[in-house]
Amino acid sequence: MISVLVVEDEEITAEANRIYVERVPGFEVAGVVRSGGEALRFLRKRPVDLLLLDLYLPDMHGLEVCRAVRAGGLMCDVIAVTSARDLTMVRSAVSLGVSQYLLKPFTYATLAEKLTRYARFKEEAGMAVGQGDVDRVLGTLRGSSELPKGMARDTLDTVVARLRGRPEGMAAQAVADAIGVSRVTARRYLEYLVELGIAARIPQYGGVGRPELLYRIPMES
């Protein structure tokens with residue numbers, strides 16, 4: 001069984017998370033705590049495999065908990081839970097060893113998918129024979145790195161580079177002209193970046209009729 005510590009200060013949410021975790025085969029809840037300090041005290045007495053960690057706690061930020069866990073040599077993985085959609089925070093969480101990220105509100109199905117993926121990661125972890133083994137295991141944990149059918153990595157990277165060079169944003173037609181593809185193709189790549197949370201879609205007003213959509217990558221991302 002994979003042991004999980006639920007760290008959540010809201011009583012109703014904490015109980016819901018506990019029930020969700022225990023519904024997933026192969027997982028058990030080792031405890032439920034309401035603050036960062038409680039979590040650290042619990043971990044010093046009873047190690048667990050995984051933290052289901054809310055980032056906004058009454059006594060400290062969840063990222064501070066992660067730092068204290070790493071500094072104390074406590075070996076456990078972390079799934080961060082938050083309502084924040086700040087990409088800077090996401091990057092900070094990843095740098096501190098957060099393996100997955102859950103945005104509130106989430107459904108049982110979403111959490112179950114994350115936990116199931118984590119269980120497969122635990123099963124496959126071991127000695128890597130080559131780069132392919134490393135890529136496969138990381139892909140299991142974080143999801144497939146394959147693009148949707150019909151998309152090319154080089155083209156996606158080119159679209160990202162064009163957007164980064166135009167912080168004010170670009171329309172789909174402008175992107176299409178810049179990289180030599182159709183407007184429909186450019187918009188597909190742009191919408192995919194929006195779906196990933198990398199780019200933002202911004203209405204541009206000023207003309208007659210419907211506003212033009214501009215796509216931009218926020219400076220902090």
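Helix α3 is followed by glycine 73, whose phi is positive, near 70°. Helices (H or I, at least four residues) and strands (E, at least two) are DSSP runs, numbered from the N terminus. The model is predicted: local features need pLDDT of at least 70 and side-chain atom pairs count only at pLDDT 80 or more, whereas totals for chains, interfaces and linings use all residues. Residues are numbered from 1 along each chain as its sequence is written, and side-chain values use heavy atoms, with hydrogens and water left out.

Within α3 (residues 62–71), the buried residues are Gly62, Leu63, Val65, Cys66 and Val69; buried means under 20% relative accessible area, computed with a 1.4 Å probe on protein chains only. These residues lie on the same side of α3, because they cover an arc of only 150° around the axis, the arc being that of the directions from the helix axis to the C-beta atoms.

Helix α2 (residues 36–45) has an axis that comes within 10 Å of that of α3, and the two cross at roughly 20°. The axes are lines fitted to C-alpha atoms over the stretch in contact, with angles running from 0 to 180 degrees between N-to-C directions. The two helices are therefore roughly parallel to each other, a term for angles under 35 degrees. Gly36, Leu40 and Leu43 of α2 make the contact with Val65, Ala68 and Val69 of α3, where contact means heavy atoms within 4.5 Å.

Aspartate 54 is found in strand β3 (residues 50–54) and is buried, with a relative accessible area of 3%. Not counting residues up to four places away in sequence, aspartate 54 touches Val7, Glu8, Asp9, Gly62, Val81, Thr82 and Lys104.

Terms used:
Buried means under 20% relative accessible area, exposed over 50%, partly exposed in between (1.4 Å probe, protein chains only). Angles under 35 degrees count as roughly parallel, over 145 as roughly antiparallel, 65 to 115 as roughly perpendicular and the rest as oblique.
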